[in-house]
Amino acid sequence: MSSSPAAPLARGSRLALLVVGLCWLAVLFDGLDMFIYGSVLPHMLQEKALGITSGQAGDLGSYATFGMLVGALTAGTVADRIGRKKLMVSCVTLFSLASGVCAISHSVAVFGLGRTLAGVGLGGLLPTAISMVSDYAPRGRAALTIGLLMTAHHAGGILSAYVALWIVEPLGWRAAFWVCVVPLLFVPVLAAFLPESLSFLVAKGRTEEARALAGRYDVELPAATGKATGAAWTNLANLFRGGRWIQTLLYWLASFGGLLLVYGVATWLPTLMRSEGYELGSALTFVVLFNLGGIVGMLVAGRASDLFGAPRISAIWFALTAAGVFLLSVHMPLALTFVVVFLTGVFLNSAQTMIYATVSIGSVPADRATAVGWTSGMGRFGAVFGPWLGGQLLAADKGDWGFTAFALAGVSSMVFIGIAALRTSRPAAGTPEQRLAGAH
């Protein structure tokens, strides 16, 4: 981007708006596909669709998050080899087609296969999109830009609730998954108009292509980092060199607890609230409020992180999240419950995203997709465990304990990212780009 501390509409903003806009739509569809299972799950359990039980429902939720684990771990290294654009196009194609598999399934096994394949695409898209918008974010606005991108994920969650309300009741649960095939129509648009990452092109030695793209949109060419993008395992090994291994492990552990919390709540919130006596419509209202809170939280946390540091904000947000999730296990008046769900959404979703922002901002361009992808991928172990844990507790008629378990996960993430925040508050010995993570 431009070398001056430009505002979002300064020189080069046209390219930034194009990249963020296209990535925002891709992540919107990602959110819709991710949240649709939790939104239609109460209906599927009520109708005994495919003969699933509460325990099996938790397993099916974990299949998608296991696929996301595979997608996140492989996507970062693949993106650093073949480019962000090709991988994003592939991921959108994969999770859209996989939703079609779910729609036509007539057994739990086939449905689980569809959710697993969808998870691979979903897990690969998010870290790649984050890496892409980080490349084009206006200087001093990286965390805010990532937060803006992640509002799309929660807009997709809101959309999933309305799909469940408006389509599932009259047409059945299969229709909801057919809606999730619609993003296939967006694939040609993404392929035609999304530019490749400038820093990736420079790192791969494709300087003429990078220079032409920079000239077309009136932006400055990124400086070469002095090293080309290495082999996949070389990029991963870079995350542990020069004392970076401690920060890397802290980010991975924080991401584990954060994604356990995010996907545990996302999968089971409607069902757990319905088990507390709320009607299906009210339970889905909680999904809308939770994701509206996520949108507000992304914008607030993004700006606060640019001012005070992403790891510091993430630690505070996780502490507030743990308190909010625990309060959901306490019977409260409906209006107060709505407020708590909204505020929990504000803090929970953006707390995890600011972990990604911390990693993305602090990574050198050649390793960025690998760093974000592996942080997301390690967290996916928590994302696999969260839905399974919720299903087991619900099957044992201990739904209230689900909120307590998820709150404890928030406390653990607060501790790990808090330690990372304390470490980055000291004078860093790394490169100036790596030091941005603590001060950005």
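Reader: Is Arg115 buried or exposed in this predicted model?
Author: The model is predicted. Arg115 has a relative accessible area of 1%. Buried means under 20%, so Arg115 is buried.

Reader: Which residue does the side chain of Arg115 meet in a salt bridge?
Author: A search of the whole structure finds one salt bridge. Its N to O distance is 3.1 Å. The partner of Arg115 is Asp33.

Reader: How many residues apart are Asp33 and Arg115?
Author: Asp33 sits in helix α1 (residues 13–47). Arg115 belongs to helix α4. The pair links distant parts of the chain, with a separation of 82 residues.

Reader: Is Asp33 buried or exposed?
Author: The relative accessibility of Asp33 is 0%. The cut-off for buried is under 20%. Asp33 therefore counts as buried.

Reader: How many charged residues are in the contact of α3 with α4?
Author: The crossing of these helices is left-handed. Their contact has 18 nonpolar and five polar residues. The charged residues number four.

Reader: Which residues in α5 meet α4?
Author: The axes of α4 (residues 108–136) and α5 (residues 142–171) come within 9 Å and cross at roughly 140°. On the α4 side, the contact has Leu126, Ala129, Ile130, Val133 and Ser134. The residues in α5 are Thr145, Ile146, Leu149 and Met150.

Terms used:
Residues numbered from 1 in each chain as written. Predicted model: local features only at pLDDT ≥ 70, side-chain atom pairs only at ≥ 80, totals over all residues. Heavy atoms only, no water. Axes fitted to C-alpha atoms, helices over the stretch in contact; angles between N-to-C directions. Helix = DSSP H or I, 4+ residues; strand = E, 2+ residues; numbered from the N terminus. Contact = heavy atoms within 4.5 Å. Left-handed = near helix turned anticlockwise from the far one by under 90°. Nonpolar A, V, L, I, M, F, W, Y, C, P; charged D, E, K, R; others polar. Salt bridge = Lys/Arg side-chain N within 4 Å of Asp/Glu carboxyl O. Buried < 20%, exposed > 50% of the residue type's maximum accessible area, 1.4 Å probe, protein only.
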